[in-house]
Amino acid sequence: MKATLLKYGPAAFISMLVLFALGLIVGQNLDYSTQEIVGYLTMILSLSLVYFAIRHYRDRENDGQLTFGRGMAIGMIISACAGFGIAIADAFYTTVINPNFVTEFTDRELSRLKADLPAEEYEAAAAALMEQIEMMGSPLALAALMFVTVLLLGLMVSLISSLVLRRVEG
């Protein structure tokens, strides 16, 4: 298992960094909703390595055998590597490249809420948004949120991959 993790863990980490950077370049002039889609595609593409890591372990290191638990362990470790990649990239982005990200995001969301909601609903929604921003407004908190997001997506990819690739001789 160690050889698989040493091969696919760094690959997931690096792919997340590279895809994050490409997403920034490609998404520079896109609206926020489209940038969000690009971000999720980045995560899913990087997490596709989970499937290949589990299959590699089963076919090349474990004589064609794979238990569900071992598949999940490999998948979650690879997902954590990808999660660290995006957390580092996000922290760098929100502290060095665009330190005004939280302010820009807040302004954009408040404008969207104002356009979409009646005045009485806007006040409550704006207050809720500001409360969330207060909790998650630091670069470290945003990086942690991205890490957890990748882990949750990685959990789903690991679960599906482990079920599909599971093979145990009875």
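Helices (H or I, at least four residues) and strands (E, at least two) are DSSP runs, numbered from the N terminus. On that basis the chain has 6 helices and 0 strands, and its elements run α-α-α-α-α-α from the N terminus on.

The model is predicted: local features need pLDDT of at least 70, side-chain atom pairs count only at pLDDT 80 or more, and totals for chains, interfaces and linings use all residues. Residues are numbered from 1 along each chain as its sequence is written, and side-chain values use heavy atoms, with hydrogens and water left out.

## The chain overall

Taken along the principal axes, the C-alpha atoms fill a box of roughly 65 × 30 × 25 Å. The chain has 170 residues, and 36% of them count as buried. Buried means under 20% relative accessible area, exposed means over 50%, and partly exposed lies in between (1.4 Å probe, protein chains only).

Accessible areas come from the Shrake-Rupley method with a 1.4 Å probe; for residues, only the protein chains shown count as cover. The chain exposes about 9,900 Å², and carbon and sulfur atoms supply 66% of that area. A contact means heavy atoms within 4.5 Å. Among contacts between residues at least 6 apart in sequence, 79% join residues at least 24 apart.

## Nonpolar cores and a surface patch

A nonpolar core is a set of buried Ala, Val, Leu, Ile, Met, Phe, Trp, Tyr and Cys residues joined through side-chain atoms within 4.5 Å. The largest nonpolar core has 23 residues, of which Met43, Ile74, Ile78, Ile86 and Val150 touch the most other members. Two or more residues come from each of the elements α1 (2–26), α2 (32–61), α3 and α6. Helix α2 gives the most to this core, with 7 residues.

Ile86 touches Met16, Phe20, Met43, Met146, Phe147 and Val150, not counting residues up to four places away in sequence. Another core lies apart from the largest one; this core has 7 residues, among them Phe105, Leu113, Ala126 and Ile133.

On the surface, Ile14, Val18, Leu22 and Ile25 form a nonpolar patch with about 380 Å² of accessible area together. Patches are made of residues with over 30% relative accessible area and no salt bridge: like charges are joined within 9 Å, nonpolar side chains (Val, Leu, Ile, Met, Phe, Trp, Tyr) within 5 Å. Val18 lies in helix α1 and is partly exposed, with a relative accessible area of 44%.

## Aromatic pairs

Rings of Phe, Tyr and Trp (its six-membered ring) pair if their centres lie within 6.5 Å; planes under 30 degrees apart count as stacked, over 60 as edge-to-face and the rest as tilted. By this rule the count comes to 5 aromatic pairs. Phe84 and Phe147 have ring centres 4.8 Å apart and planes at 40 degrees, so this pair is tilted. The pair links distant parts of the chain, with Phe84 in helix α3 (residues 68–97) and Phe147 in helix α6 (residues 139–165), 63 residues apart. Phe84 is partly exposed, at 47% relative accessibility.

Phe101 and Phe105 form a stacked pair, 6.1 Å centre to centre with 25 degrees between the planes. These two residues are separated by about one helical turn, because they are 4 residues apart in helix α4 (residues 101–116). Phe105 counts as buried, at 18% relative accessibility. Ring pairs also link Phe20, Tyr93, Phe101 and Phe105 into a cluster.

## Salt bridges

Side chains of opposite charge can pair when their charged atoms come close. A salt bridge is a side-chain nitrogen of Lys or Arg within 4 Å of a carboxyl oxygen of Asp or Glu. By this rule the count comes to 3 salt bridges.

| Salt bridge | N to O distance |
|---|---|
| Arg58 and Asp59 | 2.6 Å |
| Glu109 and Arg112 | 2.9 Å |
| Arg112 and Asp116 | 3.6 Å |

In the bridge between Arg58 and Asp59, Arg58 is buried at 7% relative accessibility, whereas Asp59 is partly exposed at 38%.

Glu109, Arg112 and Asp116 are linked in a network of salt bridges. Glu109 and Arg112 both lie in helix α4, 3 residues apart, about one turn of the helix. Arg112 and Asp116 both lie in helix α4 as well, 4 residues apart, about one turn.
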